Amino acid sequence: MSGLIYSLCALGLVMIGLYGLARAHHGLQQLLAINVMSAGVFMLLLTMAARHPPADAVPQALVLTGIVVAISALALGLALLRRLAAEEAESHD
Amino acid sequence: MSSSFWPLAVLMSSALPGLVIFFIPETRRTLRSLLNIGAALVKLQLVVLLLLGLYAGETYHWQWSLMPGLTLALKVDALAGLFLILSAVLWLLTTLYAIGYLEHSPHRSRFFGFFSLCVSATAGVAMSANLFTFVIFYELLTLATWPLVVHRGTPQSLAAGRVYLRYTLISGSVLLLGAVILHGLVGTPDFVPGGYLADQGVATVWLWVVFVLLLIGLGVKAALLPLHGWLPKAMVAPAPVSALLHAVAVVKAGAFGIVRLVFEVYGIEFASEIGVTDLLLVLAAATIVYGSWRALFETDLKRRLAFSTVSQVSYVALGVALAGPFGAIGGLIHIVHQGVMKITLFLSAGNYAETLGIHKVSEMSGVGQRMPWTTAAFTLGALGMIGFPPLAGFVSKWYLGLGAWEAGANWVLAVLLVSGLLNAAYFLPLLYRAWFGPPPPAWPQPKTLSRVFETHGLLLFPPLITAMLVVLLGLFAGLNIATLGWVQWLIHREFGL
Amino acid sequence: MLDAILTLLILALAWHCVRTTDLFEAIVVFIALGMLVALAWTRLQAPDAALAEAAIGAGLAGALLLASLRQMPEMSATRAPGAKTTGLGWFWWGLWGALGLALVSGVAAIQTTSVSLMPQVQAHLSDSGVTHPVTAVLLNFRALDTALELAVLLWAWMAQKQLFVPGRQTVYPLQGQVLKTAVKALLPLMVLVAVYLLWRGSSAPGGAFQSGAVLASAWLMLWLAQLPGLSRKQGGMRLGIQAGWLGGVTVFLLVGLLGVFQGAGFMGYPPDQAGAWILLIESAAALSIGLLLASMVLVSMPDFQEGTL
């Protein structure tokens, strides 16, 4: 039962993230939307892992790896945005 | 086991020097050039050795299991050999050319580094032994060529780079999607002559879906009709890059992928049974006529050549889609012959631009008197493209014609005829003007690049060599070591003749 | 019941996060979302992931986002007045709906097939050198993935280093004796926690990622309190920091290569030595992860000075 709830939640997160990505006006919003989507993907993986006790360790390890990759991507995206903002400020002077 | 090391060696022979070149200081020109030329020679040597081994019946296969059911696998078979030898020879020549071309421009280490990586990715595409490996190298090729396209860093080239990325990245994800669906249906086994999809009990609808997805992925690089838009825009790249993109790396990777897809994933017989080759045939024929037609009206020399590429590369797809031995021979030969001819044309065009500042077709009047050797090379390349016997282009068109006849597709013969006439219509007036037109009182931007030759020696000899190849490949097509002999041997095995 | 409330809250927060046009609000909601998601993962029997998400996904990501927000031009998230206020085009809605349908059918299809790799993991657990299955997967069975992930982290940091432009704002960081004293007192404790998490990883939830996240926050606190932490101006530190960035990947690959010579294959270890090698790799990885994450956050600060890292 709880498996179904969490799969639906995972789907919802991905769809909300995708919607957010499409309507985002600011780079920061795009990054947040992508991270919402990735939370959905992680949740689906963990839900699949937890179907039979004991929970499957392979998807859990995948999610751990994914969290670090996601923060790398987020940090890089933010660095790009900061650079963009700095260049824009430069060109306005 | 010993032979499994060779595909990796071929890959590394350009990838490792490429990585080293990035770290060579900008001013160490001799060191960088030596390393680059040395690597190109080593690679050529390796490929020749492998081809000899292949002819003697050796097999070369390397694989590394990434996870159960998914392996990185490289193989050198006759088809890969064809593409490898083309890329190895032309890499050597374009490297020499690029050293002369970029003599005083900035960021040369970056340029030659990515140039080498681009060739490594091409070798990877050639040697990929399954769809998964192919997709990886195909994407690497995109990433390695982008810095070359935008090398000059002008707003124009950055814009072209964006268009290029948009096309190739989207097509890359479509290709990946197709490969993933196929993986879900039948797994990812090695490419095998005759294909692995027949008798798998997969619904025809899925076979069509996968084929269309993979064709979109490959069609962008191969510049098939609705997907060709990036190619003429990418013309802002430096001449050696255009030459390499058009003759070997990107465009050919797409065409080569189509060959692998039809021959070794679906299998020719099975592909024509479910009718996917008809789709390919129509697309290829339309692209051939459309490309030639557009080339006729381009006034910029490089853009005219670009549309000519759009048209000519589809001969490969056309030959494959004819689904008979003769058509296949014609298509495969054209991979090599088109490469050699097109690189001659681009290198010559680069010489005109670099030496005299000629960019427009109209400015070529009388250039044959000022630069006779370059114009001679250009002439041979252009005549080959039109299909004059006994040049290289004639051999492939002859076999394509035979293939169309054999397949009973008379309209394809008409397409070949129309395209040949259009080729003549956009090349012959150009040649006439170059040789017999009156030279202008002053060239647009003349430079003195050499006291002995008409232009810098490194710029002059590569197109002369490739022009000679155009003649030799046509004259000696029948020898076992020439393309025709090699391809016939390959096709005999594919069709089990 | 708890699950239902939790998932509804998560969805509501996610919706709010992408809907709001106030960037600051969106970030705050995102951090809260991270915390709730971490909670959801404890419900899904994934304590490792929950720990990492709480520390990295909510904590460090929040710091990064908030620090970056201060350097962005004010609110370009709203439309210019007078612009057309239509929502998404029909094309996007079509794509969105098609993807949704595909996802629903895909997820429904996996629900019925039950594949678990846990039996294989448990069958080989005794040879892996550790007793915690997740750590065994991360550092033994799928060690290559973890090594590549460290490489991704390193690569992302190098790219950020290249993108850095010295900011023009001068913001004065928090100062004061209280902060300094508190940090000095807390620091040994945090290091102890990091070491404990690392050590615990072999038999229970914990390990290099969680330990690295704690180390990262320790470094950040040092910097906030203006104590000598990550300054490259001191000669010895400079080399140390560079070694730390590269250490995780390097140690991982070297041990991986050692496996080739010992006949266990690339990224394989002989069972009797596995425990020791894993501890070595984890220590190096935790240091690297901590240092890299801290560097990423530091460089995002508005008053970060060039040459500090």
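Trainee: So where is B:Ala323 in chain B?
Mentor: B:Ala323 is in the loop between helix H13 (301-321) and helix H14 (325-356) of chain B. Keep in mind that this is a predicted model.
Trainee: And what's its phi, the phi of B:Ala323?
Mentor: B:Ala323 has a positive phi of about 60°, although it is not a glycine. Most residues other than glycine have a negative phi.
Trainee: Which residue of chain C has a positive phi although it is not a glycine?
Mentor: C:Gln45 has one, at about 55°. C:Gln45 is also in a loop, between helix H2 (23-43) and helix H3 (47-69) of chain C. With 39% relative accessibility, C:Gln45 counts as partly exposed.
Trainee: Okay, peptide bonds next. Which one is cis?
Mentor: The bond from B:Pro389 to B:Pro390 is cis, with omega near 0°. Most peptide bonds are trans. You'll find B:Pro390 in the loop between helix H16 (372-386) and helix H17 (392-407) of chain B.
Trainee: Switching to rings: how many aromatic pairs are there over all chains?
Mentor: The structure holds 22 aromatic pairs over all chains. In one of them, the ring centres of B:Tyr352 and B:Phe378 are 6.0 Å apart and the planes meet at 55°, so the pair is tilted.
Trainee: Which helices do B:Tyr352 and B:Phe378 lie in?
Mentor: B:Tyr352 lies in helix H14 of chain B and B:Phe378 in helix H16 of chain B, so the pair ties together parts that are 26 residues apart in sequence.
Trainee: Which residues form one aromatic cluster?
Mentor: A:Tyr19, C:Trp15, C:Trp93 and C:Trp96 do.
Trainee: And what lies over the face of B:Tyr138?
Mentor: That's B:Lys221, at 3.7 Å from the ring centre.
Trainee: Which helix gives the most to the patch?
Mentor: Helix H10 (residues 235-261) of chain C does, with 5 residues. C:Leu254 is found in that helix, and C:Leu254 is exposed, with a relative accessible area of 53%.
Trainee: What about chain C overall: how many helices and strands?
Mentor: Chain C has 11 helices and 0 strands. Buried residues make up 46% of its 309 residues. Chain C exposes about 15,100 Å², and carbon and sulfur atoms supply 70% of that.
Trainee: Last one: which chains have the most contacts between them?
Mentor: Chains A and C do, among the 2 pairs of chains that touch. No contact joins chain A and chain B, and their closest C-alpha atoms lie 13 Å apart.

Methods: Residues numbered from 1 in each chain as written. Chains lettered and ligands numbered in written order. Predicted model: local features only at pLDDT ≥ 70, side-chain atom pairs only at ≥ 80, totals over all residues. Heavy atoms only, no water. Helix = DSSP H or I, 4+ residues; strand = E, 2+ residues; numbered from the N terminus. Buried < 20%, exposed > 50% of the residue type's maximum accessible area, 1.4 Å probe, protein only. Contact = heavy atoms within 4.5 Å. Phe/Tyr/Trp six-rings, centres within 6.5 Å; stacked < 30°, edge-to-face > 60°. Lys NZ or Arg CZ within 6 Å of the ring centre and 35° of its normal. Areas by Shrake-Rupley, 256 points an atom, 1.4 Å probe, with all protein chains shown as cover.
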